[in-house]
Amino acid sequence: MTSAHAIASEVRVGTRRATDVLEDFLGRIEAHDGDVHAFNTVTADQARAAAAAIDAAVDQGRDPGPLAGVPVAFKDNMCTRGVATTCSSRMLEGWQPPYDATVVQAMTAAGAVMIGKTNLDEFAMGSSTEHSAFGPTRNPYDLGRVPGGSSGGSAAAVAAGFAPLALGSDTGGSIRQPASLCGIVGIKPTYGRVSRYGLVAFASSFDQIGPFATDVADAALALGVISGHDPADSTSIPAAVPDFAAALGRSVEDLRVGVISELTGSGRNGAVTGGPAPRDAAGDVLDGIDADVTERVLEAADALADAGATVGRVSVPAVTYGLTAYYLIAPAEASSNLARYDGTRYGLRVDGADVEEMNRLTRRAGFGDEVKARIMLGTFALSAGYYDAYYGKAQRVRMLTRRDFDAAYADFDVLLSPTSPCVAFRFGERADPMTMYRCDTCTIPSNLSGDPAMSVPFGTGAEGLPVGVQVMAPALGEKTMLTVAAALERAAPPLPKPPLAESSSGGAA
C-alpha cells in the first residue's frame, strides 16, 4: 500500500490528484469492508468534497498541508460535526455532534480527508471489538479472528488497506493491542501530549488518542500533526512538539534498552543474558504470555544490541498488579462518565411512567452487557464501605507503578515487552471476562503511569500471525521511543501481507 508520506508528497506537487487517491481507497472499502466491517460510517460524499478542495488548492499554488489528500479513518468515539458519532452503542445511535474533536480539526487542517468512522467495542470497553452493538470487526489476516480492541475497526482499516492512517483511543492498550494483532504500528502518546477534547470519555485519567499506520514514519507524521497544547483540554500539556521525523534515522548506539523481566520470563542466551525462559505445563512463558511472543521480544532485543544499543534486564515489580488496579479505577471513572446517558440530555430515550423509570429503561436498552458490567463494578468500587478497600488501594498501586517506571528509566532510556500476550485469537475463544481482560496485561502499566508506548510488528507467532513488540519511554520521550521503533522496523523479519492487501491491485496498493 502507498504510504501516507508518499501520497501527501505526490498530491502537494500535483503529480497525483487527491480525488483519485480517495476513489482508490473508497473502491477497496466497497469491495472488502463487507467482510471486515472496519467502518460504522463511510463518509464518501463529504470526503469527495474535501479531496476536490485540496486539488483546487494545489491548482492555485497553495500547500494543503503535510497530510495533503491522505484518507484518514477516525474511531467512532471522536466527535465529528454533522457525522454520526455512536461509540458503537445503541445509546448514541445516529447522534451527530455539533463540533469536531480537536484531533479531527488538526488532521483536517493538515490536509487529511476523513474517509469514515470506525467500529469499536462499545464505549471503548473491550479487547477484541466483539462488544460493538453493530457487530464485530474481523482481522484482515484471518476473518475468523478478532482484530483486537477496542480500536479494532481503526486497526483493521489500516491493515486491510482501507486507509493509510487511522486514529484510535487507548485507555488500557486499545491502540497498541489491536496494532499488534493486525501487524501494524500503533502509538499511545504521553498522557496530555494529544488533546482529548471531543473524545467521548471512558476513563478520563487514562484515555489518550493516537495514530495507527503501516510504518513508523507514517505514525510519526500523524503524531506530529495531532500533538500540541489545547486550551480546551485542562489536562493538555503546554509542551513544544518535537520534530518526530528527525528521530527516525538516529542511531541507537548510545541508548540503553531494558527488557522487563516480569513480562518476558528470565530470558535466554543472547543480548539479554540468563537461562531459558521458565515454562508452565502447557509450554507457555510464565505470566500467561505465549512462548512464541516472548521469543520475538527477545529477538528484537538482540537486534537492538546488534545495532549498538546496550541491552539488559530490568524489574518493574508493580506491573504484576497493573491489571487489578486498572479494572478498579477505569470502571469507577466509567461509572461516573456514563451517568450522563440517562435519556434526559441526548441520545436514546425510552419513555417510562416517571423519570426514574425512564432512566432505568433507557440505560437497560441503550447499554450492552460489557458496559453494564463495568458500570456496576465501578459503582461498587466507589460505594460507601468499599471506596478505601478497593478504589483507594488501586490508586496507591497506580502511584507505585509510576515510581517503579521512574526507577527503571533512571537506568534505561526505553523498555521492551510484548504488546499482547498472544497473537490474534478466534471469535468467542476468550468469552470469559477475566481471560479477555488478561489481553491487556502488557499494555495497562503504561496507561497507569501515563508514559508513552507503542507497538511495532516484529515477526510472526502461532499460525503465522503477527507479533507486536512494545517500546515504552518516559513521559514526553516519544522521540527516543520512535528512534528505537524505527531501528526495530529496519531489523524486523518481513511480515506477510493480509490476504486482503495481497488481493489489491493498482491505485492504493
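Helices and strands here are DSSP runs, numbered from the N terminus. I keep that in mind as I open my notebook on this predicted model.

**Entry 1: a loop residue**

I began with Asn-139, which is found in the loop between β3 and α5 (152-159). Is Asn-139 buried or exposed? I looked up its relative accessible area and found 0%; the cut-off for buried is under 20%, so Asn-139 is buried. Next I followed its side chain, which reaches the backbone oxygen of Val-146 at 3.0 Å. Setting aside neighbours within four places in sequence, I listed the contacts of Asn-139: Arg-145, Val-146, Pro-147, Leu-181, Cys-182 and Ala-424.

**Entry 2: the sheet**

Then I turned to the strands. I traced an open sheet of 11 strands with mixed pairing, in the order β1-β3-β2-β4-β6-β5-β10-β11-β9-β7-β8. Its edge strands are β1 (39-42) and β8 (310-314), and each of them pairs on one side only. On average, neighbouring strands of this sheet are turned by 30 degrees against each other, with direction ignored.

One pair I noted down is Val-42 with its bridge partner in β3, Gly-116.

Which helices did I find on this part of the sheet? Helix α2 (residues 18-36) lies across β1, β2 (71-75) and β3, and runs at about 20 degrees to β3. Helix α3 (residues 44-59) also packs on the sheet, where it touches β1 and β3; its direction makes about 160 degrees with that of β3.

How do α8 and α15 cross? I found that the axes of helix α8 (residues 291-306) and helix α15 (residues 478-491) come within 10 Å and cross at roughly 100 degrees. Angles of 65 to 115 degrees count as roughly perpendicular, so α8 is roughly perpendicular to α15. From α8, I saw Ala-300, Ala-303 and Leu-304 meet Val-484, Ala-487, Leu-488 and Ala-491 of α15. The residues of this contact divide into seven nonpolar, no polar and no charged.

**Entry 3: a threonine in a helix**

My last stop was Thr-401, in helix α12 (residues 387-409). Thr-401 has 0% relative accessibility and so counts as buried. Which residues does Thr-401 contact, leaving aside neighbours within four places in sequence? I wrote down Ala-318, Pro-445 and Leu-448. I also checked Ser-449, 48 residues from Thr-401 along the chain: the C-alpha atoms of the two are separated by 6.3 Å.

Methods
Residues numbered from 1 in each chain as written. Predicted model: local features only at pLDDT ≥ 70, side-chain atom pairs only at ≥ 80, totals over all residues. Heavy atoms only, no water. Pairing = 2+ DSSP bridges. Helix = DSSP H or I, 4+ residues; strand = E, 2+ residues; numbered from the N terminus. Axes fitted to C-alpha atoms, helices over the stretch in contact; angles between N-to-C directions. Contact = heavy atoms within 4.5 Å. Buried < 20%, exposed > 50% of the residue type's maximum accessible area, 1.4 Å probe, protein only. Parallel < 35°, antiparallel > 145°, perpendicular 65-115°, else oblique. Nonpolar A, V, L, I, M, F, W, Y, C, P; charged D, E, K, R; others polar. Polar contact = N/O pair within 3.5 Å; in protein donor to acceptor, adjacent residues only side chain to side chain.
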